[in-house]
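Good morning, and thank you for coming. Please look at the sequence and the structure on the screen, and I shall then take you through them.

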Amino acid sequence: MKKILIVLAVALVSALTLTTMASANGGPHGGFTPTTDACAGCHRTHTANGPKLLIINNTYTLCMTCHGNTGTGADSNVIDGIWLEGRNPTDTTGDANTAINAPLLGGGFAFYKTIATTSNHAVQETTAAAWGNGVNRGVTANLAGGNMNCASCHDPHGSTNYRTINVTVNGVAVNVAQVDEGAAKDYDTEQWGAGQSALCAACHSAYHQTAAGSGSDLGMVATGGYTHRVDMSYTYAGPGVPNQNPETVGLGGLTLPLAQTGTVNAVVCQTCHLPHGSSAAMTGHANSGVLPGNTSATDSALLRLDNRATCEVCHQK
């Protein structure tokens with residue numbers, strides 16, 4: 001009988017541990033108790049102003065009541081792209097590993113590193129088009145869920161994916177490995193696991209080319225042109241001395257984040273592009289036209305660094 005009780009106890013602890021690890025939560029987003037008050041923060045049962053019983057008739061506006069520059073419910077200010085510790089004193093998630101006023105790893109929608117953004121994802125429910133969404137690179141097609149908002153990518157009720165990323169985006173199954181869950185979350189330094197590009201590929205599938213040699217493969221021309229490979233280990237070495245790791249060493253004080261650091265060292269979509277918005281400056285040859293294919297002073301294509309520093313920090317020519 002004692003052995004049975006011990007086995008049951010171990011099984012219960014294991015089950016609870018697995019349940020905790022299975023859901024990416026933070027603040028009111030998941031991990032609900034039977035008597036939670038979190039529902040009332042966003043929903044009204046009989047007098048809602050918006051669809052899905054939301055208290056505000058706009059998903060983006062509702063999210064910004066906590067995550068905006070004047071929000072009071074979350075330390076992540078995604079409008080200005082910075083971490084503001086103390087806005088939610090009851091939730092210390094991320095405080096230990098994210099410095100106050102640190103730039104968020106995902107960028108900002110209006111500002112990034114105190115500079116106005118030169119490109120951002122339009123999550124204000126005004127556009128449904130995405131480049132390479134089941135069509136060739138350089139061509140747009142509308143998203144399955146219509147106009148884009150915060151919930152197009154994130155699940156407000158928690159998720160088995162990294163940073164509450166939806167398990168289905170644009171009708172595509174998405175699996176992004178969880179890392180640094182719980183209080184250990186780090187919002188300004190990369191801690192990415194496997195599957196990081198899956199989120200981007202769900203809407204921009206034509207750009208998610210993983211085969212070696214895609215930059216010189218004539219077959220790529222039929223789908224929009226030669227294209228840079230993604231989701232490969234960083235092993236690039238030009239003539240002479242092999243290049244320095246772009247994340248741990250970088251070039252000229254600039255670095256780029258890699259996924260699965262120390263093992264795969266993968267170049268993913270977010271290595272070069274900021275998911276929310278970028279303030280990168282495009283000048284000279286980099287200010288050459290409009291999308292698709294070009295960047296300009298008013299459209300930096302979400303690139304992390306000025307001009308073509310995203311190229312040079314890796315290739316170091």
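I begin with the lining of the second largest pocket, whose residues divide into 9 nonpolar, 3 polar and 5 charged. Here Ala, Val, Leu, Ile, Met, Phe, Trp, Tyr, Cys and Pro count as nonpolar, Asp, Glu, Lys and Arg as charged, and the others, Gly among them, as polar. There are 17 lining residues, and those nearest the centre of this pocket are Leu105, Asp188, Thr255, Pro257 and Arg304. On a 1 Å grid over the protein atoms alone, a pocket is an open set of points where a 1.4 Å probe fits, with protein on both sides within 12 Å along at least five of seven lines, and lining residues have an atom within 4 Å of a point. The volume of the second largest pocket is about 310 Å³; grid points are joined across faces, edges and corners, and a volume is the space filled by probe spheres set on the points.

Please note that this is a predicted model, in which local features need pLDDT of at least 70, side-chain atom pairs count only at pLDDT 80 or more, and totals for chains, interfaces and linings use all residues. Residues are numbered from 1 along each chain as its sequence is written, and side-chain values use heavy atoms, with hydrogens and water left out.

Now to the chain as a whole. The protein chain has 6 helices and 12 strands; helices (H or I, at least four residues) and strands (E, at least two) are DSSP runs, numbered from the N terminus. Of its 317 residues, 39% count as buried. Buried means under 20% relative accessible area, exposed over 50%, and partly exposed in between, with a 1.4 Å probe and protein chains only.

Which aromatic rings pair in this structure? The structure holds 1 aromatic pair. The ring centres of Trp83 and Tyr187 are 4.7 Å apart and their planes lie at 15°, so this pair is stacked. Rings of Phe, Tyr and Trp (its six-membered ring) pair if their centres lie within 6.5 Å, and planes under 30 degrees apart count as stacked, over 60 as edge-to-face and the rest as tilted. The pair links distant parts of the chain, 104 residues apart: Trp83 belongs to strand S2, and Tyr187 to the loop between strand S9 and helix H4. Both Trp83 and Tyr187 are buried.

I turn next to residues in loops. Is Ser300 buried or exposed? Ser300 is buried, because its relative accessible area is 0%. Ser300 lies in the loop between strand S12 and helix H6, and touches residues including Thr118, Ser119 and Thr295; a contact means heavy atoms within 4.5 Å.

Thr70, in the loop between helix H3 and strand S1, counts as exposed because its relative accessibility is 69%. Gly253, in the loop between strand S10 and strand S11, is also exposed, at 75% relative accessibility. The C-alpha atoms of Gly253 and Val313 are 9.4 Å apart, although 60 residues separate the two in sequence.

Finally, consider two residues with positive phi. Glu125, which is not a glycine, has a phi of about 65° and counts as partly exposed, at 26% relative accessibility. Thr164, also a residue other than glycine, has a phi near 50°, and Thr164 is buried, with a relative accessible area of 12%.

Terms used: Lists of a residue's contacts leave out its neighbours within four places in sequence.
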